[in-house]
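Hi,

Here is the structure I promised to pass on. Have a look at it first, and then read my notes below.

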Amino acid sequence: MASTDPINIVIAGGGTAGWMAAASFARFLETGFTITLVESDAIGTVGVGEATIPQIRLFNDALGLDEDAFLRATQGTFKLAIEFVDWLRPGSRYMHAFGDIGRDVGLLPFQQYWLRAVAEGRAKPELTPYSLNNMAALAKRMQRGRPRTAKVLPDMPYAFHFDASLYARFLRRYAELRGVERVEGTIQSVSRDGATGDITALMLDGGREVAGDFFIDCTGFRGLLIEEALGAGYDDWTRWLPCDRAQAVPSERARDFTPYTRATAHGAGWQWRIPLQHRTGNGIVYSSRHLSDDEAAARLLANLDGEALGDPRTIPFTTGKRRELWKHNVVAMGLAAGFMEPLESTSIHMVQSAISRLLKLLPGRITVQADRDEFNRQSDFEWTRIRDFLILHYKATERDDTEFWRNCRTMDVPDTLANKVALWLGNGHITREHEELFTEVGWLQVFVGQGMMPRGHHPIADSIPDKDLAEYMMMIEQLNAREVAQMPDHADFVTQYCAAGAEV
Ligand code: FAD
C-alpha cells in the first residue's frame, strides 16, 4: 500500500455498535481513511438496549448531535437513576442515582460524615434525601443545566432511555451523510493473509468481496470475525453472574412516566422497566437452571403496567467477554465483544469506551503488538470492574427465599470485589482506580441499599461539633427538597422539548 493510499476500515455489522463506530469514525477520521459498513437486513439486530448512563452525552456531544433532535428521533426520555426493588429482601427498595450525594466538607468524602451522623442518630439511615437526583427522580421531575443554587448543590447529571434500534438508524443517517459507505449483504466467510493471519476481506453472498486494512467486528453475539474466524476465546463469568437468558417485550406507554429505570428482583433473576415516549420497554433476566422459559414469560407478562405489544422474545447469552478484544487486525465491539446483563445499563457505554480507546491507539500503516496489548489490558480492567459491581447486587442480599438467591449469597466473589467490600465494611472506605467506570458514590449507594453498613468511620469525621453535623445534614436535605420543588414535571418537560414526531 502506498503511503498516500487511504486506510480502509471495514465495520462488520450495523446494530447499535456498528453505527456508533461508523458515526465516530466519520466524525474523527475525515481524511486518510475510507469507512465501509456491511450489514444484513436478513439477519437483523438484537433490537433491545434502552437504558444508558450519563457518559452517553459526551458521545453525542462529540458527534455534535442536537439533544432534542436525538430524543425526538429515538423516542427518548430522561434517566436520573435506577430503582432497585426487592433486591435486599422482598419489599425493599433503593435508588442508584447519578451524581453526587451530599457535599464533601473538608478532607473526607460525604459518606464518612453521614456514617457518623447515622450512628449518632443525626441523619436518616438512607441516602435518598441527600441525593438531588434521587429526590428529583422520585418526584418525577427533571431539570437540565446546573441548579440555581449551584454553589451549594451538586450538578444534576442525567442519561437517557431510548430505542436503541432508532438510535442506530439516527446514527446511520449521520454516518452516511459524512461519507460512510453501507453495503447490504451477508458475510459468509473471510479471506486471510497467509503470512500474517490478518483478515484481508469479507466474502459476501453473491460472490462479492469487501477488502479492508482494519476490521471492526460488530456482528453481535456470534462474533463472526473475532471468534469464528480468529478464535479469540471467551472468559465465561456465569459462576458469578448466573443469569443466562432474557426475554423482552414492549408494553403500552406507562401512565407512571418515571425518569428512572426500574430493576425488580424475582426468585431467579430480575425484571427491567424502561419508560420511552411511545411505549415501555420490559424484559426479564433469569437463570435457566432455576426458571423455565414459559415460567419466565408468564412472570414477565404478569408484571407489566400496560398491555403487552407482542409476544416475549427469548435471548440466550453467556455472561463474559472475549479473551482478546483486539486480535490481528480486528477489534470487537458491542455484543461481539461480550455481554453483561443490563443491570447497570453498561453495554452501550462499553461500545462508546471501546471506540474512544481505539481512536487513541489507532494503528496507521503499522500495528505493533504493544498497541493491541494496551487496548486489551484497558478493556479487561474496565470489564472486570463493571463485572464486580454487578456481582455485588447478587452477593450482598438477605434473600434466601429461593435456591438461586441462596447460591448467590454464599458464592465466592473475585478478589478485587472481596477487597472493595472489606475496605467498606471496616471504616467505610471506597477506593476507585483511575479508569474504573463506577464512582465512589455509585458503590456507596449499592453497598447501603443492599444492606451493608460498615463497623466504623474515619476518625477525622469526629472533629465536627455535634450541632454542626446535624445542621449540615438537615441543610442538604432541605436544599434538595427546595430545588426539586422548582423543577418541571418530567412528562411535561419531554412534551415541551423532545416529543417525537417532528422531523429532524
Ligand atoms: P446487534 O444488534 O446484534 O447487531 C449485529 C449486526 O451484525 C446486525 O446489523 C446484523 O445484521 C449484523 N450481522 C450479523 N451477522 C452478519 C453476517 N453474517 N453478515 C452481515 N451482517 C451480519 N445496552 C445498554 O446499554 N442498555 C440496556 O438497557 C441494554 N439492554 C439490553 C438487554 C438485552 C436483553 C440485551 C441482549 C442487550 C442489552 N443491551 C443494553 C445491549 C445492547 O442491546 C447492545 O450492546 C447494543 O444493541 C449493541 O448490539 P450490537 O450492535 O453489538 O449487536
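K321 stands opposite G338, a residue of β21. Please keep in mind that this is a predicted model. Strand β18 covers residues 320-322, and its pairing with β21 is antiparallel, over 2 bridges. Both strands are part of an open sheet of 3 strands, ordered β12-β18-β21 with antiparallel pairing. At the edges are β12 (234-236) and β21 (338-339), each of which pairs on one side only.

**Confidence and domains**

How confident is the predictor? The average pLDDT of the protein chain is 94, and 97% of the residues score at least 70. For the complex, the predictor gives an ipTM of 0.99 and a pTM of 0.96.

The protein chain is divided into three parts: domain 1 (7-50 + 163-234 + 320-367), domain 2 (98-151 + 397-488) and domain 3 (245-316). If you look for the centres of domain 1 and domain 2, taken over C-alpha atoms, you will find them 39 Å apart.

**Around the ligand**

Which residues are closest to the ligand? They are G13, G15, G49, G220 and G334, and 37 residues surround the ligand in total. The elements that contribute two or more residues to this shell are α1 (16-28), β2 (33-39), β13 (245-252) and α9 (347-361). Helix α1 provides the largest share, with 3 residues. Sorted by class, the shell holds 18 nonpolar, 17 polar and 2 charged residues.

**Some single residues to look up**

K79 is listed by UniProt under "binding site", in an unreviewed entry. In the model, K79 is part of strand β3, which spans residues 77-79. Is K79 buried or exposed? K79 counts as buried because 28 other C-beta atoms lie within 10 Å, and 20 or more are needed for that label.

Two more residues are worth a look for their backbone angles. In general, most residues other than glycine have a negative phi.

- K140 has a positive phi, near 55°, and is not a glycine. K140 belongs to the loop between α5 (132-138) and β6 (159-161). With 18 C-beta neighbours inside 10 Å, K140 is counted as partly exposed.
- S345, also not a glycine, has a positive phi of about 55°. S345 is in the loop that runs between β21 and α9. S345 is buried, because 22 other C-beta atoms lie within 10 Å.

Enjoy exploring, and do write back with any questions.

Best wishes

How values were computed:
Residues are numbered from 1 along each chain as its sequence is written. This is a predicted model: local features need pLDDT of at least 70, side-chain atom pairs count only at pLDDT 80 or more; totals for chains, interfaces and linings use all residues. A residue is near a molecule or strand if its C-beta atom, placed from the backbone, lies within 6 Å of it. Helices (H or I, at least four residues) and strands (E, at least two) are DSSP runs, numbered from the N terminus. Ala, Val, Leu, Ile, Met, Phe, Trp, Tyr, Cys and Pro count as nonpolar, Asp, Glu, Lys and Arg as charged, and the others, Gly among them, as polar. Two strands pair if DSSP finds at least two bridges between them. Domain bounds come from an automatic or database domain assignment. pLDDT is the predictor's confidence in each residue, from 0 to 100. UniProt positions are given in the numbering used here, feature names are shortened, and annotations may be inferred rather than shown by experiment. A residue is buried if 20 or more other C-beta atoms lie within 10 Å of its own, exposed if 12 or fewer, and partly exposed in between; C-beta atoms are placed from the backbone.
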